[in-house]
Amino acid sequence: MNKNDLKPAVVFQQFAKINEIPRPSKHEEKMIEYLKNWGESRGLDTQVDETGNVIIRKPATKGYENRKTVILQSHMDMVCDKLVDVEFDFNRDPIRTYVDGEWLTAEGTTLGADDGIGCAIELAILDSSDIEHGPIECVFTRDEETGLTGAEGMKAGFMTGDYLINLDSEDEGEIFVSCAGGRNTQAKFTFQREDAPAGSFFLKGSLKGLVGGHSGDDINKKRANAIKILGRFLFQTMRRYQNVGLAQFHSGKLHNAIPRDGYFVIAVPNEVKENVRADWNVFSAEVEDEFHVTDSQMVWNMESTEAEKVIEPEVARKFVWAIQAVDNGIYAICQDEALNDMVETSSNIASIHTEETEINILSSQRSNVMSNLDNMCATIQAVFELAGATAVSSDGYPAWKMKADSQLTKIAVDAYKQLFKKEPVVRGIHAGLECGLFSERYPNLDMVSFGPTLRFVHTPDERLHIPTVQMTWDHLLLILKNIPAK
């Protein structure tokens with residue numbers, strides 16, 4: 001399949017233009033300018049709020065003027081990640097896409113379909129002249145991926161519609177009606193560096209090739225977390241041998257991604273260096289067997305490296321013990337009958353980086369139950385504080401609670417059944433959607449979220465299932481046609 005033959009062409013043409021525009025989180029200025037000029041050049045009511053969110057309004061088509069107003073919403077920023085050996089500047093370079101069977105993916109970088117494809121669908125709706133719909137407000141928020149600050153900064157009254165369709169979901173055939181709230185917890189160890197014990201031999205252990213993924217939507221897939229695996233080996237080694245020093249630990253980049261790679265540098269007594277290498281080989285084989293389904297491409301390496309100063313021993317020990325002990329993964333499953341197969345509460349250790357006198361740790365907690373979100377954050381804080389670190393959790397963002405009598409959900413379900421002769425799955429998602437923040441400022445807004453199928457988001461393996469874009473497009477058009485009168 002050629003890129004020029006992708007259907008619906010109006011959507012993929014818009015997506016191709018979007019992927020020429022740099023739009024890292026917190027650096028969406030070029031995308032904001034593009035959207036502003038795009039809307040104004042077509043004579044559409046276009047506004048940019050003080051936070052940088054963009055709204056473009058399109059009047060109803062003839063005969064649909066009395067319908068309720070629908071808000072279509074997606075976020076303009078993207079997660080920027082690449083393979084370590086790929087030269088790429090996300091602040092300058094266009095995303096290089098290619099077709100792989102039924103999938104669209106990128107050359108060694110994230111694709112940006114999260115949520116560029118949602119933006120493309122909105123622009124295609126705005127640019128069309130042959131679609132039946134009532135009044136539409138297309139909203140493009142900024143900085144969703146690193147804190148939802150665009151939605152957080154949006155003031156009440158910026159949107160005026162009755163229904164909102166969020167186009168930031170990743171499983172075609174599933175209509176989402178609730179989402180988790182989330183907070184980040186940061187911990188910090190402080191220390192002094194010192195010389196390693198006399199006779200030390202320095203080793204660098206590294207791990208890469210893990211699948212990683214979204215720290216919310218993929219947390220139930222038992223994928224390996226590089227931080228937890230490397231921490232396990234350090235815990236095992238420091239318990240087994242005396243006078244093991246830690247010089248460096250680096251893993252993870254983003255608060256909302258499962259770490260895919262990382263490395264440590266340790267100092268071991270010269271007489272046990274071969275034992276440690278042998279332990280590494282045994283450990284790597286055991287872990288590969290443990291994750292043989294989810295992470296079959298692990299790449300392990302251990303090599304000698306230059307000597308350097310190490311973290312003071314007591315701090316290093318407490319840090320390693322904390323990484324071994326801290327919760328990571330699923331903490332609780334939803335109790336509500338309608339959502340009883342969904343993760344309710346989880347935590348992900350997202351990144352660790354050692355500096356000259358600090359170890360900085362970032363983790364993310366999620367829950368559909370805000371009291372249990374507080375509990376999960378307190379659990380993470382307690383582990384690190386017991387180990388002597390400082391720990392603090394952010395304010396985060398709220399959960400979006402399911403609306404039992406949602407008229408929009410019924411319209412979306414009926415349209416899906418009419419088109420595809422099967423029932424869609426109606427469920428919640430264990431990830432943060434901007435709908436949670438919208439529900440605070442617009443408590444009467446009726447909302448759903450859906451979109452085409454994406455896989456491996458937030459990683460360089462991100463891919464978009466091409467046939468589901470047409471399905472999502474057809475579904476959305478039928479919903480717009482069936483919106484009731486005011």
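This is a predicted model: local features need pLDDT of at least 70, side-chain atom pairs count only at pLDDT 80 or more; totals for chains, interfaces and linings use all residues.
Residues are numbered from 1 along each chain as its sequence is written, and side-chain values use heavy atoms, with hydrogens and water left out.

Let me begin with two cysteines. The sulfur of Cys435 lies 6.3 Å from the closest cysteine sulfur, that of Cys179, which is too far for a bond; Cys435 is also buried, at 0% relative accessibility, where buried means under 20% relative accessible area with a 1.4 Å probe and protein chains only. For Cys334 the closest cysteine sulfur is again in Cys179, but at 11 Å, so a bond is ruled out by distance, and Cys334 is buried too, with a relative accessible area of 8%.

Now to the cavities. On a 1 Å grid over the protein atoms alone, a cavity is a set of points where a 1.4 Å probe fits but cannot get out, and lining residues have an atom within 4 Å of a point; grid points are joined across faces, edges and corners, and a volume is the space filled by probe spheres set on the points. The largest cavity has a volume of about 210 Å³, and of the 23 residues that line this cavity, the closest to its centre are Glu144, His214, Asn256, Arg366 and Gly432. The second largest cavity has a volume of about 100 Å³, and its lining includes Asp81, Lys253 and His458.

Conventions. On a 1 Å grid over the protein atoms alone, a cavity is a set of points where a 1.4 Å probe fits but cannot get out, and a pocket is an open set with protein on both sides within 12 Å along at least five of seven lines; lining residues have an atom within 4 Å of a point. A disulfide is a pair of cysteine sulfur atoms within 2.5 Å. Buried means under 20% relative accessible area, exposed over 50%, partly exposed in between (1.4 Å probe, protein chains only).
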